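My entries follow in the order in which I made them.

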Amino acid sequence: MAKELTPQEMLRIDLTPPNRDWMDIPTVIKPGIYCYPAKPEKVEVLGMPNPHVWSPLDDDWGLPDDWKETFLEGMRERLNKHRSFKIFMDICVRCGACADKCHFFLGSGDPKNMPVARAELIRSVYRGEFTKAGQILGRLAGGRKLTEDVLKEIWYYMFQCTECRRCSLFCPYGIDTAEVTIIGRELINLFGLNINWIQEPVANCYETGNHLGLLPHTFKQNVEFMCMDIEEFVGITIEPPFNRKGAEILFVTPSGDVFAEPGIYTLMGYLLLFEHIGLDYTWSTYASEGGNFGFFTALDVAQRLNAKIYAEAKRLGVKWILGGECGHMWRVVHQYMNTFNGPPDFLEEPVNPLTGTKFENAKSAKMVHISEFTADLIKHGKLKLNPRRNDHLKVTYHDSCNPSRGMGMFEEPRYVIKNVCKNFYEMPENTIREQTFCCGSGAGLNAGENMELRLRGGLPRANAVKYVHERFGVNMLSCVCAIDRAVLPASMEYWVPEVNVCGVSELVGNALIMEGEHDRPTDLRGEEIPGIAKAEGEEEVKEDV
């Protein structure tokens with residue numbers, strides 16, 4: 001484990017351009033920056049190549065004898081298969097428009113974390129091995145040959161990218177460096193060089209239906225434990241349906257919401273909302289994962305994991321799917337699902353059963369985001385809300401990269417928040433909506449052993465939170481992504497310790513006025529809401545008079 005750095009030490013970032021060409025700067029693999037290698041048994045689960053024990057700090061990574069030919073053949077195959085990849089290899093002019101847009105470059109100062117340079121690691125191999133100019137002129141044409149050192153450099157930096165796509169927003173040619181990173185990871189997976197924080201969740205999801213490896217009865221019990229907390233804090237009994245055939249809606253959420261704080265409070269918000277409106281829905285204990293870590297592994301793996309949700313929807317005979325607060329689930333559904341597994345024509349175009357609203361954007365995927373659904377309910381006056389129950393919170397909103405840049409969902413979560421909270425403050429404009437900064441730990445980088453990388457990558461987002469904390473007293477950072485809820489607490493504790501993290505649906509759950517509830521002096525975390533009991537009592541007396 002790497003030495004834990006203080007914030008003062010972490011802020012010593014040198015952004016001075018190096019005085020040597022990037023090809024002349026050797027890559028030093030540092031603890032605290034990389035994640036542990038994938039366990040061989042987790043590689044075997046998916047039938048992926050070369051499961052073996054290795055370490056990034058070893059000279060010998062256990063590569064097969066024909067590793068170079070395998071890499072180049074894999075690259076050739078993807079150049080032919082993905083036209084965008086071929087274009088991205090050819091059209092970059094190294095203008096540098098993306099250079100200062102990456103949170104990892106801003107937080108580390110490492111020039112190879114500039115998106116242009118990260119893609120150049122692979123682009124240089126393309127030039128050196130696949131183009132005539134590069135084969136003849138070598139470095140003069142920006143090309144280099146594939147060696148073990150080059151492969152190790154590619155591995156190191158492919159896992160210093162969260163595929164957030166902020167850089168692509170500023171590229172004048174529209175180059176999507178995240179796609180280059182995805183393919184770079186696919187290529188190094190050809191030798192079993194994945195990281196365990198990705199490979200194990202993928203293997204677990206393939207075997208049990210969710211990243212955590214929760215078996216059906218455990219998944220069910222965890223949801224029921226949240227119902228027990230609801231009974232304690234709210235005073236009502238909820239009996240959620242599981243694997244119920246013929247329900248109108250299948251609800252799928254990331255398993256992180258079922259397992260750990262603060263996601264469990266978001267899950268409690270879902271449960272309260274569905275009970276409040278009497279929704280005809282079911283959970284599945286088999287498609288018990290909305291997230292898709294396969295997307296951080298290889299596109300064919302993402303395809304496999306996406307299929308399980310739709311297979312379960314077909315088995316249960318639901319009309320459409322409602323999805324919880326998850327980032328990469330929505331990128332896969334919104335941008336890839338129809339190509340992966342075809343439009344699910346066995347499902348119906350989603351219609352809100354309470355309002356009659358047709359969700360036109362979900363015509364193809366047949367899947368609606370919980371924030372869209374909740375915003376529609378609020379707009380049509382279907383929820384009884386007391387925003388004063390969130391008066392102890394001063395809230396800002398983090399646009400999670402995949403639902404925002406990848407899905408175009410900006411206003412619905414804000415509309416919900418503004419209707420359940422009285423104190424909402426935006427971070428600076430160049431850090432939200434399309435230009436939102438990443439949490440710094442997405443794309444499978446939310447491990448513990450790479451904490452220095454995570455904290456450096458989280459610095460730009462934390463800096464924007466610090467601004468609204470100091471100016472407006474913000475004490476809660478809300479989001480609609482399970483990865484964000486898992487990793488931002490550590491980042492906030494380090495950079496802005498006075499700010500907590502929550503899901504938007506947790507705020508909804510706090511504000512809902514449930515039929516049969518008892519006095520609610522606490523929020524869903526069991527924390528006292530200053531003055532709320534007295535305020536609610538005063539409102540009841542006024543109504544009686």
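I looked up the sheet first. It is open, with three strands in the order β5-β6-β7 and parallel pairing; strands are DSSP E runs of at least two residues, helices H or I runs of at least four, numbered from the N terminus, and two strands pair if DSSP finds at least two bridges between them. β5 (395–397) and β7 (500–503) are the edge strands with a single partner each, so one side of each has no neighbour in the sheet. The twist averages 35 degrees from one strand to the next.

The model is predicted: local features need pLDDT of at least 70 and side-chain atom pairs 80 or more, while totals for chains, interfaces and linings use all residues. Residues are numbered from 1 along each chain as its sequence is written, and side-chain values use heavy atoms, without hydrogens and water.

I then checked β6 (residues 476–479), which four bridges join to the parallel β7. C479 lies opposite G503 in β7.

Next I took α15 and α16 (residues 327–341). Their axes come within 10 Å and cross at roughly 95 degrees; axes are lines fitted to C-alpha atoms, for helices over the stretch in contact, with angles from 0 to 180 degrees between N-to-C directions. The two helices are therefore roughly perpendicular (65 to 115 degrees). In the contact (heavy atoms within 4.5 Å), residues of α15 including L299 and Y310 meet residues of α16 including V332 and F340.

Last, I noted that α11 (residues 196–208) is followed by G209, with a positive phi near 100 degrees.

Key: Parallel < 35°, antiparallel > 145°, perpendicular 65-115°, else oblique.
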